[in-house]
Amino acid sequence: MDVNVLSEKENVKSKGPGEDFILEVKNLKKYFPIKDGILQKTVGHVKAVDGLNLNIKKGETFGIVGESGCGKSTAGRTIIRLNKPTEGKILYKGEDITKASENQLRKSIRKDIQMIFQDPFASLNPRKTLGKTLMEPLEAHQLYKNKKERMDRVKELLDVVGLDPSYFTRYPHEFSGGQRQRIGIARALALNPELIIADEAVSALDVSIQSQIINLMKDLQEKFNLTYIFISHDLSVVRHISDRVAVMYLGNLMELADKDSLYSEPLHPYSKALLSAVPVPKKKGEEQRERIVLEGDIPNPANPPKGCVFHTRCPVAMDVCKEVVPTFKEEKPNHYVACHLYN
Amino acid sequence: MASLLNIENLKTYFFQKKHVVPAVDGVDLKLNKGETVALVGESGSGKSMTSLSIMGLVPKPGGEIVDGKIMLEDINLTELSEDDMCKVRGKEISMIFQEPMTSLNPVLTIGEQLVEVITYHQGVNRASAVEKAIELLQIVGFSRAEEIIRDYPHRLSGGMRQRVMIAMAMSCNPKLLIADEPTTALDVTIQAQILELLKNLTKEFDTSILLITHDLGVVSELAERVIVMYAGEIVEEAPIDEIFDEPYHPYTEGLIKSVPTLTGEIERLYSIKGNVPSPDSLPKGCRFASRCNKVFGRCLEEKPQLKSISNSRSVRCFLYDDEEEVE
């Protein structure tokens, strides 16, 4: 919080406390209009992301967990400007990219920030060979002098992600799910990015393949000094790969902390419920963990509850929760939470 | 405990132009009354095809049960005509699927779909079927059941749809419920609700569950016994309280070790190298040999058999063959 307030008060261009962060997101909002009727008038807004603040340190893996509809994917897409933000600021290395044009973006972040998607098959062109797909970004950014150099680079990339360079001429349908995700990673790496946003990158994979991809991502991070934003609904995977973890609910952060303190001592009732709900393989003699089963579903983001957005499902909701939005503040060192229990 | 389902040497093959794909290749499986057994495996292991074989829903043309028996008490399901099978399906055995939206009819209300099942199998009139439908919806946790029966599926959330599917599946008090990845498409908090519901229902209705999943966590929540499948075959069978502590088959061990934990004590995940072999080009020896970290000469040459190690455990691996010979 203190860092947020400081850098907000100072000028955006200042090289103050923001210098340590590769990415800063300030009060980011993304509303999608709901249109209805013959004239397609806007009758309301889906508040997918509603006032998000994040600071991503260079070289860390920042995990974002949440259930479907909490806005975690929209947040990821808005950060790299695949969506136009409704409000707020996005600073990449201190540079404001919130309102940058496509042309400016291409010069600045398009190369530096890349994305890995959940379904690698849907994100690969079925009519292009693997080589063509991977050479395209190199051509678009005119990084290499001639085709030969570009081909060499692609073959190098394939090697890096553990694919045989002879796959160059194959089509996406010839690969298994795990191999396709490796291709997705190779594509993301092609331009030597600094920040990679992985949106449910391992969720569609079988467990044995999932662990291969997670290990690969960890190795690449070390090798190329990458920063990851790892978005997932799978709490165990996020814990495994992340340094810091943020819990999102209905467009807002509920809690943010180092992974160890978040998983061992969650503060927010939602984080507690989320963690207790994960089924875990039990070993002999292990106690049955106490489970908090939340009632009902995540509310409609077009019409979020007043006050704390979680109060409708919260087992310990108080009167104040229905009226007042809790502030997101540092309860313990580096452990932030938005809950009235701690105010 | 009385046995409810007894599958012997089930073989479900797919006949393609050039290949024969053995999706299920000699599966033996027993399920007792009131028991919950989990069938675990990765995509392509044949777990879903086993369940479709039980339901008589093997995709045709192409797929066929070529060998084996599926006994539900004293009826052999593989010999039933389609008409007879229709009477079993939904009444004796019912199934819930991963994606509840695709298994609900979008142009019929929830009530109409539930009433259809109840009138078809129980021969009751519409009014009492509606009553029963409301009662079922209340059992699966809808507080506004009278309103929900007039709603269309798209108005419900994923978790609510899965509840409707469960209500429909339980409507005729089936002896066996096949749950194929019932919570995979759901969020963890909703998954917890559905698992809780399934647990309570089996107690209440004394239904056996064949749970098909790839999620070992879900398995340990619900099942009493685990059967691990790989490339169309059962590779290991064990009670739930032993398998995580002492897996026998290297594949099971690999699976358990490759899942990250919530406590996070592992630095680097174990990974089973390579991919599941394509079912049209299976190796001569053990089907797991190319990915196994304990492979030796015999594995590449001979095919191991499923051997019982104790009265509750069996494994398909040569590592345990030798041990027995030594003893």
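Analyst: In this predicted model, the buried residues of H7(A) are Gly178(A), Gln179(A), Arg180(A), Gln181(A), Arg182(A), Ile183(A), Gly184(A), Ile185(A), Ala186(A), Arg187(A), Ala188(A) and Leu189(A).

User: How many of the 13 residues of H7(A) are buried, and what do the buried residues pack against?
Analyst: Twelve of the 13 residues are buried, so H7(A) is largely enclosed by the rest of the structure. Around these buried residues, the packing partners in chain A are strand S6 (113–116), helix H5 (130–140), helix H6 (147–160), strand S7 (195–199) and H8.

User: What distance separates the end C-alpha atoms of helix H7 of chain A?
Analyst: Helix H7 of chain A covers residues 177–189, and at 1.5 Å a residue its 13 residues should span 18 Å. The model agrees with that expectation, because the end C-alpha atoms are apart by 18 Å.

User: Which helix gives the largest share of the side of chain A that touches chain B?
Analyst: The contact as a whole draws 34 residues from chain A and 38 residues from chain B. On the side of chain A, the elements that give two or more residues are helix H8 (207–224), helix H9 (235–241), helix H10 (259–264) and helix H11 (269–277). By type, the residues of this side divide into 15 nonpolar, ten polar and nine charged. The largest share, six residues, comes from H8(A).

User: Is Pro281(A) buried or exposed?
Analyst: Pro281(A) sits in the loop between H11 and helix H12 (319–323) of chain A, and, leaving aside residues up to four places away in sequence, it touches Leu216(B), Gly217(B), Ser220(B), Phe244(B) and Ile256(B). Because 20 C-beta neighbours lie inside 10 Å, Pro281(A) counts as buried.

User: At roughly what angle do the axes of H4 and H5 of chain B cross?
Analyst: The residues that meet include Leu114(B) and Ile118(B) in H4(B), and Ala129(B) and Leu136(B) in H5(B). The residues of this contact divide into seven nonpolar, two polar and two charged, and H4(B) passes H5(B) in a right-handed crossing. The axes of helix H4 (residues 110–122) and helix H5 (residues 126–139) come within 9 Å, and they cross at roughly 115 degrees.

User: What ipTM does the predictor give the complex?
Analyst: For chain B, the average pLDDT is 88, and 98% of the residues score at least 70. For the complex, the predictor gives a pTM of 0.85 and an ipTM of 0.81.

Technical notes
Residues are numbered from 1 along each chain as its sequence is written. Chains are lettered from A and ligands numbered from 1 in the order in which they are written. This is a predicted model: local features need pLDDT of at least 70, side-chain atom pairs count only at pLDDT 80 or more; totals for chains, interfaces and linings use all residues. Two residues are in contact if their C-beta atoms, placed from the backbone, lie within 7 Å. Helices (H or I, at least four residues) and strands (E, at least two) are DSSP runs, numbered from the N terminus. Ala, Val, Leu, Ile, Met, Phe, Trp, Tyr, Cys and Pro count as nonpolar, Asp, Glu, Lys and Arg as charged, and the others, Gly among them, as polar. Axes are lines fitted to C-alpha atoms, for helices over the stretch in contact, and angles run from 0 to 180 degrees between N-to-C directions. A crossing is left-handed if the near helix is turned anticlockwise from the far one by less than a right angle, and right-handed if clockwise. The expected span of a helix is 1.5 Å times one less than its number of residues. pLDDT is the predictor's confidence in each residue, from 0 to 100.
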